[in-house]
Amino acid sequence: MPKGKTLTVKRRSAVRAHRLFDGHTMHDGPVMVLVEDGAITGVDHSGAAPPDGVPLTDLGDVTLLPGLVDAHSHLAFDPGGHAEKQMLGDDDATVLARMRPHAGQALRAGVTTMRDLGDRGYLALRLRQEYEEGPHIVAAGPPITRTGGHCWYLGGEADGAEQVARAVTERAQHGVDLIKVMATGGMTTAGSDPGSAQYTLAELRAITRTAHELGLRVTAHAHGAAGIADAVTAGVDGIEHCTFITRSGVRPDPRTIDAMAEAGVFVGCTVVETMDGMPAEVLAVLEPMWENMAAMHARGVRVVCCTDAGVGPFKPHDVLPRDLVYFASRVTTNTAALASVTSLAADSCGLEHRKGRLAPGYDADLLAVGGNPAHDLTAIRDVRAVYRAGRRVDRSQPAT
C-alpha cells in the first residue's frame, strides 16, 4: 500500500428470505438482498449464493419488506402523559429523555423512518444528531399556529402574513426538513375548534410561497372543510387528518378532493379505530371520515396510513403495524396498504429516492415478518428482524 494511503474496508452482507415486498409488489422467493455500507446494491431472485466473502443471513420463511415509514408522529409527546402540561413544565433534557425510548420503541416494531410533525424547541433535530442508531427522523420543528391556537404550547405562534413567512424562514435556518402549519383548530388543545380555520388564504399562501422558495414542502393539519380547501388552494403538499368537518357534520367537498388528486397532494390518514363504547358524537365523525378516506383513495388521492403517535394512551410510538391492519380494512387492499407505509409514505416525506423500496441504491432499512402480509396483514406484527442502514437492530434492549 502506498505510504499515506488508508485501506477502506467495505461493510458487505446479504439477507435471504422466502418472500419479498419491494415497496410496490410482492415477490415469491427465494430472494436475497445484497448490502454494502448501509445501502442496497442488489436484489437477487435466482436463488444464487452470495458473492465470495459476503456473509449471508438466511432468515427462512419470512417476508422481507422495506422498513416502515410513519409519516405523522410526535416523539416529544408522552402517550401516557398530558402534552400541554409536560411541554410547558419539562426542560429539554427531560423531554429528550422520553424521545429516545419513543424512537427506539418504533424502531423495534419495524418503523425505520419517522416524520415528526410537531416538537418543541427543534428537539427532534437534536435527537437525530444524538441517536444515530435510531430510526431516520424527518423533522418539522414547532408547528406554525396562531396565537393561542392548536398546540400553541410548542412555541410556534405567528399571526399575519409577515409573521408566518418569517416563521418559515426561521425553521429553514434551524435545518428543518419541512414546514407544518395548523390550518385549523385541533382536538387535543383546550378551547380549540377543529372545524374552524386558523389562517386566511393569504396567510397560507405566504407560508407555502416562502417554504417552496426555500426548497421545503408544507403539510397542513386540517380538520375543517373550509381550512382544507384553503390549504389546497394555497398549494400545500400535504393535508394531515383531512376530516372535512362542517357545521352540519362531516361533508367531503368533491371539488377539493378533485383538486387534491390532480395536484398530487398527500393525505395523512391518522388512524383512529371505531370502538364499542365510543361517544355518539365521536362516531358521527369517524364513520363518515373512514368512508371518505376510501373514496379519496379510489379517486386517486395519495392517502398515506400514519399514526399521530404520542397523542394519547391508544397511540404508543410502535402503533403503526396495528393501525395499518385497521387502515386496510377500511380503505384499501393489503398490498396497497403496505405500499402506503413504505414507498408512498417515503414519497410524502420527500425520501422517495432512498426510502420505502427494496431496490439498488436505496437505504438498507429492512423489516422481516413471519408469514405473508399480502395474504394476512396481521403478519406485519410478527417481527422477526429489523435492519437499519444494513445493521441488525437489537430488539431485546429498549433504548434509554
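Contact, in what follows, means heavy atoms within 4.5 Å. With that in hand, take His136, in strand β8 (residues 136-139); strands here are DSSP runs of E of at least two residues, helices are runs of H or I of at least four, and both are numbered from the N terminus. Leaving aside neighbours within four places in sequence, His136 is in contact with Thr112, Thr113, Met114, Leu351, Arg354, Lys355 and Arg388. His136 has a relative accessible area of 14%, so it counts as buried, which means under 20%, with exposed being over 50% and partly exposed in between (1.4 Å probe, protein chains only).

A word on the model. It is a predicted one, where local features need pLDDT of at least 70 and side-chain atom pairs count only at pLDDT 80 or more, while totals for chains, interfaces and linings use all residues. Residues are numbered from 1 along each chain as its sequence is written, and side-chain values use heavy atoms, with hydrogens and water left out.

Next, the domains. The chain is divided into domain 1 (12-66 + 356-393) and domain 2 (68-349), with bounds from an automatic or database domain assignment. Their C-alpha centres lie 30 Å apart, and 23 residues of domain 1 are in contact with 24 residues of domain 2.

Now the packing. A nonpolar core is a set of buried Ala, Val, Leu, Ile, Met, Phe, Trp, Tyr and Cys residues joined through side-chain atoms within 4.5 Å. The largest one has 89 residues, and those with the most contacts inside it are Ile144, Ile239, Met260, Met293, Met296 and Phe327. Both domain 1 and domain 2 give residues to this core, so it lies between them. Apart from it lies another core, of 18 residues, including Val35, Leu59, Leu64 and Leu358.

On a 1 Å grid over the protein atoms alone, a cavity is a set of points where a 1.4 Å probe fits but cannot get out; a pocket is an open set with protein on both sides within 12 Å along at least five of seven lines; and lining residues have an atom within 4 Å of a point. Points are joined across faces, edges and corners, and a volume is the space filled by probe spheres set on them.

How many cavities of 30 Å³ or more does a search of the whole structure find? It finds 2. The largest has a volume of about 100 Å³ and 16 lining residues, with Arg115, Thr219, Gly238, Phe266 and Ser348 nearest its centre.

Last, the largest pocket, at about 700 Å³. Of its 33 lining residues, Met187, Thr188, His223, Val272 and Phe314 lie nearest the centre. Helix α8 (280-299) is one of the elements that supply at least two residues, and α8 gives the most, with 5. The pocket lining divides into 15 nonpolar, 11 polar and 7 charged residues, where Ala, Val, Leu, Ile, Met, Phe, Trp, Tyr, Cys and Pro count as nonpolar, Asp, Glu, Lys and Arg as charged, and the others, Gly among them, as polar.
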